[in-house]
Amino acid sequence: MTKRIFYSIVRTSVFTTVVTLILAKVLNNENYLINSGIFVISVLFAVIFALRFSRKITRPLVEVNPDNPKINYSEINPLINKIRIQKGKISRQSNEVRSGREQLSLITENMNEGIVIVDTRTNILSCNSGALRLLDKKNVSEGQSVYLLNNSEVFRRCIQDAMGGRNSSCILKTEHGDREIIASPSNITDTVNGIVIFIFDVSEKQELETMRREFTSNVSHELKTPLTTIYGISDMLANGMVKPEDVMQFGQNIRSEAERLIILINDIVSLSKLDENSVPHEDTEIDLYNLAEEVAGRLQCRASEKDVSISVTGEHVSVIGNKTVLDEIIYNLCDNAIKYNNNGGYVEVKISHIPTKALITVSDNGMGIPKEHINRIFERFYRVDKSHSRKIKGTGLGLSIVKHGVMYHNGTIRVDSKLGKGSVFTVEFPIDNKG
Ligand code: ADP
């Protein structure tokens with residue numbers, strides 16, 4: 001290139017001198033003004049030619065393709081090589097950044113939880129689809145305010161606390177369930193540079209928590225009632241306040257309340273075992289017909305007291321499962337069918353099967369269950385009619401135990417009932433079930 005510039009200058013100078021000499025000769029004029037004019041014209045020509053030449057020289061540089069730099073000037077080739085190496089480095093680094101970002105977004109997009117990153121002006125820097133789904137939002141995107149995700153007072157306070165440098169959390173109630181929000185500040189030095197928000201679906205956890213609270217309060221109530229009666233009667237006996245002829249009756253009352261306590265405690269223990277999954281998995285083959293006959297035998301006495309007949313019909317069908325749990329299922333269903341029956345009524349236990357399922361059907365012609373209560377009878381401590389339930393003893397836990405026992409064996413339970421006509425409880429177990 002140096003050569004080219006050199007040649008260009010030499011060429012222009014020679015050209016200017018030649019033009020000046022030719023004009024001076026042609027005009028043969030020794031006039032000072034004319035000679036100066038000729039010189040100015042020559043300089044002008046020189047400038048125009050110099051411009052054209054310099055453009056010609058720099059054109060290859062201006063027109064160089066940055067994606068594939070090639071040039072014929074040997075002096076520039078080392079620079080071009082450096083640019084090529086640098087370009088390779090930049091392209092590798094930007095590929096790494098892109099693939100890192102793609103990987104991160106692939107991971108966060110497939111999470112069930114929500115993640116939102118927010119800058120100091122509470123604008124969203126990044127937000128995965130989990131966050132939008134959990135907060136029931138569709139059109140909130142990066143760059144917009146985080147409060148477009150939720151504008152409640154509790155959410156605002158949570159974000160503001162995190163912006164103030166404190167870890168904070170709250171529970172949001174949405175149409176589709178409860179969401180736990182955890183907002184954590186990110187501080188490089190002492191100042192907050194942004195916050196990261198995690199969103200979890202805690203509907204099930206909250207439901208379990210409510211159930212646990214209700215269960216504890218129900219248990220306390222159910223234990224308190226018989227214990228108060230026992231305490232009251234024994235206090236009167238201890239203070240000699242009971243006439244000798246009434247002592248027997250008072251003793252019977254204590255026994256009956258103690259019995260109620262024992263049944264309640266046994267039911268709670270059974271339910272807790274099923275709840276905690278601590279029932280041992282037995283792979284025993286159980287003949288449901290034989291088991292139903294065993295249970296009916298144990299309940300015969302109670303049925304006779306109420307003048308209710310109990311019978312087992314059907315066929316021998318076996319399932320693999322836990323005998324104690326299966327026994328509890330049949331016992332509770334038959335016990336209810338006797339308890340909520342009328343004098344002279346019947347209870348029928350039928351064992352049958354369809355190609356892939358074993359069926360236990362417990363039918364009675366007792367008092368039946370009002371339609372509006374049918375969906376609730378499997379809840380813990382739920383009793384249809386508290387007033388008649390006082391006369392008919394029970395804990396309200398029997399059908400809960402049945403339901404959990406059936407679920408334990410991967411089965412299903414359904415009930416058909418007509419008020420005043422009777423009820424039919426049908427349990428289905430997969431025949432090849434492994435318990
Ligand atoms: P309980 O200890 O009160 O019997 P369960 O959980 O076994 O508790 O039953 C819940 C409620 O369902 C009972 O209180 C009763 O009102 C109703 N129920 C259950 N089985 C029958 C049935 N065979 N006939 C009529 N009502 C029934």
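This is a predicted model: local features need pLDDT of at least 70, side-chain atom pairs count only at pLDDT 80 or more; totals for chains, interfaces and linings use all residues.

Visitor: Fine. Which polar backbone atom is 2.9 Å from an oxygen atom of the ligand?

Guide: That backbone atom belongs to G396. A polar backbone atom of V384 also sits 3.3 Å from an oxygen atom of the ligand.

Visitor: And which side chain has an N or O atom 2.8 Å from an oxygen atom of the ligand?

Guide: The side chain of Y340.

Visitor: How much of the ligand does the protein bury?

Guide: The ligand exposes 530 Å² when taken alone, and the protein buries 97% of that area.

Visitor: Which residues come nearest to the ligand?

Guide: There are 19 residues around the ligand, and the nearest are N336, Y340, R383, T395 and L399.

Visitor: Let's zoom out. How is the protein chain divided?

Guide: Into four pieces by domain assignment: domain 1 covers 2–62, domain 2 covers 111–201, domain 3 covers 207–275 and domain 4 covers 284–430.

Visitor: How far apart are domain 2 and domain 4?

Guide: Their C-alpha centres are 50 Å apart.

Visitor: Now the rings. How many aromatic pairs are there?

Guide: The count is 2 aromatic pairs.

Visitor: Are Y147 and F155 buried or exposed?

Guide: Both Y147 and F155 are buried. Y147 also has a charged neighbour: R156 lies over the face of its ring, 4.0 Å from the ring centre.

Visitor: What about the pair of F215 and F381, and why is it called tilted?

Guide: The ring centres of F215 and F381 are 5.5 Å apart and the planes are at 45 degrees, so the pair counts as tilted. An angle under 30 degrees would count as stacked and one over 60 as edge-to-face.

Visitor: Where do F215 and F381 lie?

Guide: F215 is in helix 6, residues 203–238, while F381 is in the loop between strand 10 (357–364) and helix 10 (386–391). The pair therefore ties together parts that are 166 residues apart in sequence.

Visitor: Do they count as buried or exposed?

Guide: F215 has 17% relative accessibility and counts as buried. F381, at 7%, counts as buried too. R380 lies over the face of F215, 5.4 Å from the ring centre.

Visitor: Back to helix 6. What does the side chain of T229 reach?

Guide: T229, which is in helix 6, reaches the backbone oxygen of T225 with its side chain, at 3.0 Å. T229 has 30% relative accessibility, so this residue counts as partly exposed.

Visitor: How far is T229 from N253?

Guide: Their C-alpha atoms are separated by 8.4 Å, and the two residues are 24 apart along the chain.

Visitor: Last topic, backbone angles. What is the phi of D136?

Guide: D136 has a positive phi of about 55 degrees, although it is not a glycine. D136 sits in the loop between helix 4 (129–134) and helix 5 (153–163). With 35% relative accessibility, D136 counts as partly exposed.

Visitor: And where is D307 found?

Guide: In the loop between helix 8 (288–305) and strand 7 (309–314). D307 is not a glycine either, and its phi is positive, about 60 degrees. At 52% relative accessibility, D307 counts as exposed.

Conventions
Residues are numbered from 1 along each chain as its sequence is written. Side-chain values use heavy atoms; hydrogens and water are left out. Domain bounds come from an automatic or database domain assignment. Rings of Phe, Tyr and Trp (its six-membered ring) pair if their centres lie within 6.5 Å; planes under 30 degrees apart count as stacked, over 60 as edge-to-face and the rest as tilted. Buried means under 20% relative accessible area, exposed over 50%, partly exposed in between (1.4 Å probe, protein chains only). Helices (H or I, at least four residues) and strands (E, at least two) are DSSP runs, numbered from the N terminus. A charge sits over a ring if NZ of Lys or CZ of Arg is within 6 Å of the ring centre and within 35 degrees of the ring normal. A residue is near a molecule or strand if one of its heavy atoms lies within 4 Å of it. A polar contact is a pair of N or O atoms within 3.5 Å; within protein, one must be able to donate a hydrogen and the other to accept it, and residues adjacent in sequence count only if both atoms are side-chain atoms. Accessible areas come from the Shrake-Rupley method with a 1.4 Å probe; for residues, only the protein chains shown count as cover.
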